[in-house]
Structure formats: C-alpha cells, structure tokens
Amino acid sequence: MSNSVSGSPDAFQVYVERELNPADLNYATDISAAVRAALASGDLGILASGSWEDACLWDCNNPPSREDRDAQVGWTPWPGSGEPGTKATTNISGGWTIGINAKASDKDMAFKLVTAIFDVGNFKAWTLANHRMAVRTDISESPEYTADPFLAEATKLAADTTGRDTIPGYQTVSALVQQATADILDGASVDDVVQEYHDALVDEFGADKVMTYE
C-alpha cells in the first residue's frame, strides 16, 4: 500500500493544487493510524491502495458494517493507460503462500496442519471472518462470499492481475515514485521532478524501455 499517488503531476494535484489529502500523511511514522485519523476527521479525499483497505481503512479487526462503509467511502478501480486497445482498468498484486519447510522434523504432521488450514470449511471461515479476497473458486463463488459486493467485485478485477514481484525493477520504480512525491511535497517544480523521474528511469532501464505520455 502506498498513500502516494503514482506520478508526480498527480501528487501535485492531490496534495497541493486540490488539497485532497494532508501532505503530512507521507511523513507519518504510523501510516495506518494517520490515514484512519484523516478519514475520521474528514481530511482524506483520495487513497491509492489495495483490497484490504475495505476493512483496514477503519480498523482491520473491527471495521464498520457494510452499510456504514459504503456510506463513508466510494471505491473505484485503478484506471488504465487510455491507450487504444488497452483495458479500461488495471491492477497489480502481491501474493502469499503456506508451505512445508524441507527441513521440518515431522513432515507428515506439517502436511496435516497445512491440510487442516486449507480445508474448505476452515479456510472459507477464515476468509470471510477476516474479510480477505478468496484465492480459490469454491470460496469466491459461494453465496456467503458473493453476498459482499466489494469482495465480489474486487475478485473479478483481480482475475487477470499482474504479479508485481515478478516484474524486474518494480522495487526501483516504487522507490522513484515515492521520491518524486516527496520532492513535490517539499516544493520542487513539477516539471523538474517529472524530468528527474524520467531521467532516473532511463538511467536504470534504458531509453527504449521508458514510455512518455504527453
């Protein structure tokens, strides 16, 4: 999750021009607490984040009811590039797994534990109780899961997501975006920041790998 908007001109609009968010969110030592406080005080106008925020934007362990959440926050997918032939929306995701350590002293018992965790009844109950996106269709297509409009829609959007950790240079680009946002908040010229961001991308990946949109 990043509270920085991707791209320096966007950051300028959000934090400076339109003042949709307080700039000090970017310097908070506890970003989750700062975002929740900004939401509660009516100071949070826009947030680029992930599916977990449907619960964690308030409190991961005790979010408001579905009705209260929908009354406070409107959700929208991340827009695509707008280039001809491309998707209208896009997304990028991480991932997780549970496995058995090759050096486990009792592999049979470890296998039983993993089997119990991923038993459809156990895993479905955990997924619903923790308001997580399902990673298997026997849960995502169940009536209990699809009854939640946010989870149902988010799962559809993630059907063809891009795995961010498989993209070479992801961490580098992420760091450059954060630096560009910080420079904007420190008062640097948008044109200068964009040029520096562009030049850093070219230095890192080569000019043939960098697309510029006018």
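**A guided look at the terms**

Guide: The chain has 11 helices and four strands. Here helices (H or I, at least four residues) and strands (E, at least two) are DSSP runs, numbered from the N terminus. This is a predicted model, in which local features need pLDDT of at least 70, side-chain atom pairs count only at pLDDT 80 or more, and totals for chains, interfaces and linings use all residues. Residues are numbered from 1 along each chain as its sequence is written, and side-chain values use heavy atoms, with hydrogens and water left out.

Visitor: What makes C56 count as buried?
Guide: Buried means under 20% relative accessible area, exposed means over 50%, and partly exposed is in between (1.4 Å probe, protein chains only). C56 has a relative accessibility of 16%, so C56 is buried. C60 has a relative accessible area of 40%, so C60 is partly exposed. Of the 214 residues in the chain, 23% count as buried.

Visitor: How do you know that C56 and C60 form a disulfide?
Guide: A disulfide is a pair of cysteine sulfur atoms within 2.5 Å. The sulfur atoms of C56 and C60 are 1.8 Å apart, and a search of the whole structure finds one disulfide.

Visitor: Why is the disulfide of C56 and C60 called right-handed?
Guide: The torsion about its S-S bond is about 125°, so the disulfide is right-handed.

Visitor: What makes W75 and F150 an aromatic pair, and why is the pair called tilted?
Guide: Rings of Phe, Tyr and Trp (its six-membered ring) pair if their centres lie within 6.5 Å; planes under 30 degrees apart count as stacked, over 60 as edge-to-face and the rest as tilted. A search of the whole structure finds five aromatic pairs. For W75 and F150, the centres are 5.2 Å apart and the planes are at 55°, which makes the pair tilted. W75 lies in the loop between α4 (66-72) and β1 (78-79) and F150 in helix α9 (residues 149-157), so the pair ties together parts that are 75 residues apart in sequence. W75 is partly exposed at 35% relative accessibility, whereas F150 is buried at 13%.

Visitor: And why are W96 and F118 called stacked?
Guide: Their ring centres are 6.4 Å apart and their planes are at 15°, so the pair is stacked. W96 sits in the loop between β3 (92-93) and α5, and F118 in the loop between α5 and α6, 22 residues apart. W96 is partly exposed at 49%, and so is F118 at 23%. Ring pairs link W96, F118, F123 and W126 into a cluster.

Visitor: How do you know that the buried residues of α6 line one face of the helix?
Guide: The buried residues of α6 (residues 120-129) are F123, K124 and T127. Seen down the axis of α6, they fall within an arc of 100°, so they line one face. The arc is that of the directions from the helix axis to the C-beta atoms.

Visitor: What makes D148 a cap for α9?
Guide: A side-chain oxygen of D148 lies 3.0 Å from the backbone nitrogen of F150, at the N-terminal end of α9. A polar contact is a pair of N or O atoms within 3.5 Å; within protein, one must be able to donate a hydrogen and the other to accept it, and residues adjacent in sequence count only if both atoms are side-chain atoms. At the start of α6, a side-chain oxygen of D119 comes within 3.0 Å of the backbone nitrogen of G121.

Visitor: What makes up the largest nonpolar core?
Guide: A nonpolar core is a set of buried Ala, Val, Leu, Ile, Met, Phe, Trp, Tyr and Cys residues joined through side-chain atoms within 4.5 Å. The largest has eight residues: L25, V35, A38, L39, L44, L57, W58 and V73. Apart from it lies another core of seven residues, including A134, I139, F150 and A154.
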